[in-house]
Amino acid sequence: MLIRAYQPSDSKELAELFYRTVHTVNAGDYTKEQLDVWATGRMDLEAWNQSFQQHYCVVAVEGNTIVGFGDIDETGYLDRLYVHASYQRKGIATALCNQLEQAVPADITTHASITARPFFENRGYSVIQKQQVVREGIFLTNYVMRKEKGLPVHH
């Protein structure tokens, strides 16, 4: 597996990976209605590309396939972290997170899904608060989580 910097030509493939991952990996923790408003399939690729370019964004590649991606902004907000449904539990999210966390000096915060919460807890993140996000009138539960720099990573 190779981890490389994001390129604008990746945006369509990342949008598709995001959609498929949400609708498969997160399906055990969220209803179909929730998944449909989280990942609608109607993606503004130009806006998506711009947000990746404004953040530090890395892509995991296996052969010719993008198998995961993540991005973080300069304040330490880890925005997105998604791994292809067929490549779960192979250390890809860990490798991506290692890169992203090292990219900023600040404490790291993220809004973790129910599905992702245990992954972040194992990395030393703590839940600051549980929240309900409203998308198109539908409520989605997630967790504001923080990792303070200088804390050891649990393996």
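How many nonpolar, polar and charged residues are in the lining of the largest pocket? The lining has 22 nonpolar, 15 polar and six charged residues. Here Ala, Val, Leu, Ile, Met, Phe, Trp, Tyr, Cys and Pro count as nonpolar, Asp, Glu, Lys and Arg as charged, and the others, Gly among them, as polar.

The model is predicted, so local features need pLDDT of at least 70 and side-chain atom pairs count only at pLDDT 80 or more, while totals for chains, interfaces and linings use all residues. Residues are numbered from 1 along each chain as its sequence is written, and side-chain values use heavy atoms, with hydrogens and water left out.

The largest pocket holds about 1100 Å³ of space. A pocket is found on a 1 Å grid over the protein atoms alone, as an open set of points where a 1.4 Å probe fits, with protein on both sides within 12 Å along at least five of seven lines. Grid points are joined across faces, edges and corners, and the volume is the space filled by probe spheres set on the points. The pocket is lined by 43 residues; lining residues have an atom within 4 Å of a point. Leu81, Ser113, Thr115, Ala116 and Phe120 lie nearest the centre of the pocket. Two or more lining residues come from each of helix 1, strand 4, helix 4, strand 5 (108-113), helix 5 (117-122), strand 6 and strand 7. Strand 4 gives the largest share, seven residues. Helices (H or I, at least four residues) and strands (E, at least two) are DSSP runs, numbered from the N terminus.

The largest nonpolar core has 21 residues. A nonpolar core is a set of buried Ala, Val, Leu, Ile, Met, Phe, Trp, Tyr and Cys residues joined through side-chain atoms within 4.5 Å. Buried means under 20% relative accessible area, exposed over 50%, and partly exposed in between (1.4 Å probe, protein chains only). Leu14, Phe18, Trp38 and Phe69 touch the most other members of this core. Helix 1 (11-25), helix 2 (32-38), helix 3 (45-54), strand 2 (56-62), strand 3 (65-72) and strand 7 (138-147) each give two or more residues to the core. Helix 1 gives the most, with five residues. Apart from this core lies another, of 19 residues, among them Ala60, Val67, Cys97 and Ala112.

Helix 1 was followed in more detail. Its 15 residues should span 21 Å at 1.5 Å a residue. The expected span is 1.5 Å times one less than the number of residues. The end C-alpha atoms of helix 1 are 20 Å apart, which agrees. Its buried residues are Ser11, Leu14, Ala15, Leu17, Phe18, Thr21, Val22 and His23. An α-helix has 3.6 residues a turn, so residues three or four places apart point the same way. The cover over the buried residues of helix 1 includes helix 2, helix 3, strand 2, strand 3 and strand 4 (77-83). Leu14 touches Tyr6, Trp48, Phe52, Val59, Ile66 and Phe69, not counting residues up to four places away in sequence. Contact means heavy atoms within 4.5 Å.

Most residues other than glycine have a negative phi. Phi of Arg89 is near 60°, a positive value. Arg89 sits in the loop between strand 4 and helix 4 (92-102), and is exposed, with a relative accessible area of 87%. Phi of Glu136 is near 50°, also positive. Glu136 lies in the loop between strand 6 (126-135) and strand 7. This residue is exposed, at 56% relative accessible area.

Further residues connect separate parts of the chain. Gln34, in helix 2, is buried, with a relative accessible area of 15%. Leaving aside neighbours within four places in sequence, Gln34 is in contact with Ile138, Phe139 and Leu140. The C-alpha atoms of Gln34 and Ala106 are separated by 32 Å. Ala106 occupies the loop between helix 4 and strand 5 and is partly exposed, at 26%. Beyond its neighbours within four places in sequence, Ala106 is in contact with Thr75 and Lys149. Ala106 and Lys149 are 43 residues apart along the chain, yet their C-alpha atoms are separated by 6.8 Å. Gly91 and Met1 are 90 residues apart in sequence and 9.9 Å apart in space, C-alpha to C-alpha.
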